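Please look through the structure below with some care, following the chain from one end to the other before reading on.

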Amino acid sequence: MTQSNVDRELGEVSARLSTLEREMSEIREDIRWMRDQVQQTKGGWRTIAFLISASGILGALVTLVSQHMWFK
């Protein structure tokens, strides 16, 4: 290999490394954003689960009461 070939290959490797570093930085930012979104929605999921459970119980009670009223 000549010196110019080595210099050219080192330049290519350097460019690839710079690209990889930039892409890793972008991925790191995306992962942090996803983590923050998950942390913010933890309470929201609990609220939704509670509302679904409460509406199911309320529906069951209404059905129970209406069945007893209609069939007596």
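R8 and E12 both belong to helix 1, where they sit four residues apart, about one turn of the helix; helices here are DSSP runs of H or I with at least four residues, strands are runs of E with at least two, and both are numbered from the N terminus. This is a predicted model, in which local features need pLDDT of at least 70 and side-chain atom pairs count only at pLDDT 80 or more, while totals for chains, interfaces and linings use all residues. Residues are numbered from 1 along each chain as its sequence is written, and side-chain values use heavy atoms, with hydrogens and water left out.

R8 forms a salt bridge with E12, their closest N and O atoms being 3.4 Å apart, where a salt bridge means a side-chain nitrogen of Lys or Arg within 4 Å of a carboxyl oxygen of Asp or Glu. R8 has a relative accessible area of 45% and E12 one of 36%, so each counts as partly exposed, the class between buried (under 20%) and exposed (over 50%), with a 1.4 Å probe and protein chains only.

The structure holds two salt bridges, and D36 and R35 also meet in one, at 3.2 Å from N to O. D36 is partly exposed at 31%, as is R35 at 45%.

For the chain as a whole, the secondary structure comes to one helix and zero strands. The radius of gyration of the protein chain is 30 Å, well over the 11 Å that the globule rule gives for 72 residues, so the chain is more spread out than a compact globule; this radius is taken over C-alpha atoms, and the rule is 2.2 Å times the number of residues to the power 0.38.
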